[in-house]
Amino acid sequence: MKLGLVVEGHGEVEAVPVLMRRLLSAHGVTRLDIPSPLRLPKGKLVKQAEFVRAIDLMASKTAPDGALLVILDADTDCPAEVGPRLCAWARESRRDRPVSVVVAKYEFESWFLAAAVSLRGHRGLPADLEPPSDAEAIRDAKGWLGARMPNGYSETLDQPALAAIFDFEAAARSPSFKKL
């Protein structure tokens with residue numbers, strides 16, 4: 001299986017392939033080819049022409065029949081509005097491919113907060129780390145993590161490392177992770 005990824009952040013360039021290999025392996029996919037993800041800042045991702053150009057580029061890298069996945073942060077936008085709009089653009093542009101768009105409520109790192117118990121003792125996080133009652137209500141998930149890490153949180157270093165270990169079942173407390 002080939003999977004083309006379009007992501008928003010610098011950390012996601014490394015983290016999302018790690019996450020997708022783990023997730024798809026858990027669902028029995030043993031052969032997975034993921035070309036280097038395309039990073040496009042959100043300001044461009046939400047513009048139809050830029051978005052379609054990114055989708056088309058990843059489609060060419062996964063030709064002839066690879067699937068396409070876009071993952072971005074909602075930040076202050078409503079995921080239920082952004083996701084369907086981008087998904088419609090993608091499907092309109094690439095009717096020949098399976099395409100999905102997943103919008104993390106506020107931030108990708110919200111998924112780590114939902115699965116905080118599984119991150120105990122890793123990357124300097126406390127051994128007694130407890131998740132917030134509603135991980136997707138935390139507007140600054142990176143800040144929440146960084147406040148609990150002795151050296152703060154680095155998107156490019158910590159995000160891929162945490163993506164390699166967080167518990168999917170616990171993360172499913174997050175509706176946006178469930179969508180993924």
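The buried residues of helix α4 pack against α2 (42-45), α3 (48-61), β3 (67-73) and β4 (99-104), where contact means heavy atoms within 4.5 Å. The model is predicted, so that local features need pLDDT of at least 70 and side-chain atom pairs count only at pLDDT 80 or more, while totals for chains, interfaces and linings use all residues. Residues are numbered from 1 along each chain as its sequence is written, and side-chain values use heavy atoms, with hydrogens and water left out.

Helices (H or I, at least four residues) and strands (E, at least two) are DSSP runs, numbered from the N terminus. Helix α4 comprises 15 residues, 79-93, and reaches 21 Å from its first C-alpha to its last, close to the 21 Å expected at 1.5 Å a residue; the expected span is 1.5 Å times one less than the number of residues.

In α4, the buried residues are V82, G83, L86, C87, W89 and A90. Buried denotes under 20% relative accessible area, exposed over 50%, and partly exposed in between (1.4 Å probe, protein chains only). Seen down the axis of α4, its buried residues fall within an arc of 160° and therefore line one face of the helix; the arc is that of the directions from the helix axis to the C-beta atoms. The face turned away from this buried side carries the exposed residues A80, E81 and E92.

The structure holds zero disulfides, a disulfide being a pair of cysteine sulfur atoms within 2.5 Å.

| Cysteine | Nearest cysteine sulfur |
|---|---|
| C78 | C87, 15 Å away |
| C87 | C78, 15 Å away |

C78 is partly exposed, with a relative accessible area of 34%, whereas C87 is buried at 11%.
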